[in-house]
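Today I'm looking up which side chains pair up with which.

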Amino acid sequence: MSKPKKSQVMKPATAALKLDVYLPATPREFQEGLISREDLDELQRNPPQWLADLRRDGPHPRNVVAARLRVSNSGLARAGITEALTTEQITALAADPPEWLVREREKHAETLREQRRLQERKAEADKAPEPAKPAARKSAATPKATKSIFNVRVSSGPRRTGSGSSRKPSSRG
């Protein structure tokens, strides 16, 4: 008889990352316990009030802030934004974008365009059939040289040994 399957569990930090919420803003019981995959699925299907509030109002983790501002995580770091931001703070930044935000949005948009261009190029290369290789010419006039895998030495003279001494053929007459 097989053993019953154990439910996989994860740390609260991993679960918060999967739920796109800022861990320090979650309830204490969420932060202190392990979360099973079933619990995580249930939280995603039927979010409790605290989770709905966090997703709506924040504070939001870095990846969510970056996505809402349409910049990269690196762009946030270059701008010195290290703390979690609320929805209100994100909305205020987006409404009156500072110079760094405009610059980072342009960089991020250019990076995304380049990634799309490379993906399209790769997709086209994958679709295109490989060009036919030209057939090798065979000429009857020039035979192909073959290389032997055996190092055979044909000699008519005496063979030397590795000891440095040489043998002389006996001359019997």
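**Salt bridges.** I searched the whole structure and got ten salt bridges.

**Ground rules.** This is a predicted model, where local features need pLDDT of at least 70 and side-chain atom pairs count only at pLDDT 80 or more, while totals for chains, interfaces and linings use all residues. Residues are numbered from 1 along each chain as its sequence is written, and side-chain values use heavy atoms, with hydrogens and water left out.

**Helix H3.** I looked up arginine 45 and found its side chain in a salt bridge with glutamate 42, at 3.2 Å from N to O. Both sit in helix H3 (residues 37–45), and because they are three residues apart, about one helical turn separates them. My helices are DSSP runs (H or I, at least four residues), numbered from the N terminus. Is arginine 45 buried or exposed? Arginine 45 counts as exposed, at 56% relative accessibility, and glutamate 42 as partly exposed, at 35%. The cut-offs for relative accessible area: buried is under 20%, exposed is over 50%, and partly exposed is in between (1.4 Å probe, protein chains only).

**Helix H4.** Next I checked aspartate 53, whose side chain meets that of arginine 56 in a salt bridge of 2.7 Å, N to O. They are three residues apart in helix H4, so about one helical turn lies between them. Aspartate 53 is partly exposed at 26%, and arginine 56 is partly exposed at 45%. I also noted a network of salt bridges that links Asp53, Arg56 and Asp57.

Aspartate 126 and lysine 122 are both exposed.

**Aromatic rings.** How many aromatic pairs does the structure hold? I got one. The ring centres of phenylalanine 30 and tryptophan 50 are 5.4 Å apart and the planes are at 55°, so I wrote down "tilted". Rings of Phe, Tyr and Trp (its six-membered ring) pair if their centres lie within 6.5 Å; planes under 30 degrees apart count as stacked, over 60 as edge-to-face and the rest as tilted. The pair links distant parts of the chain, with phenylalanine 30 in helix H2 (residues 28–32) and tryptophan 50 in helix H4 (residues 49–57), 20 residues apart. Phenylalanine 30 is buried at 7%, whereas tryptophan 50 is partly exposed at 24%.

Key:
Helix = DSSP H or I, 4+ residues; strand = E, 2+ residues; numbered from the N terminus. Salt bridge = Lys/Arg side-chain N within 4 Å of Asp/Glu carboxyl O.
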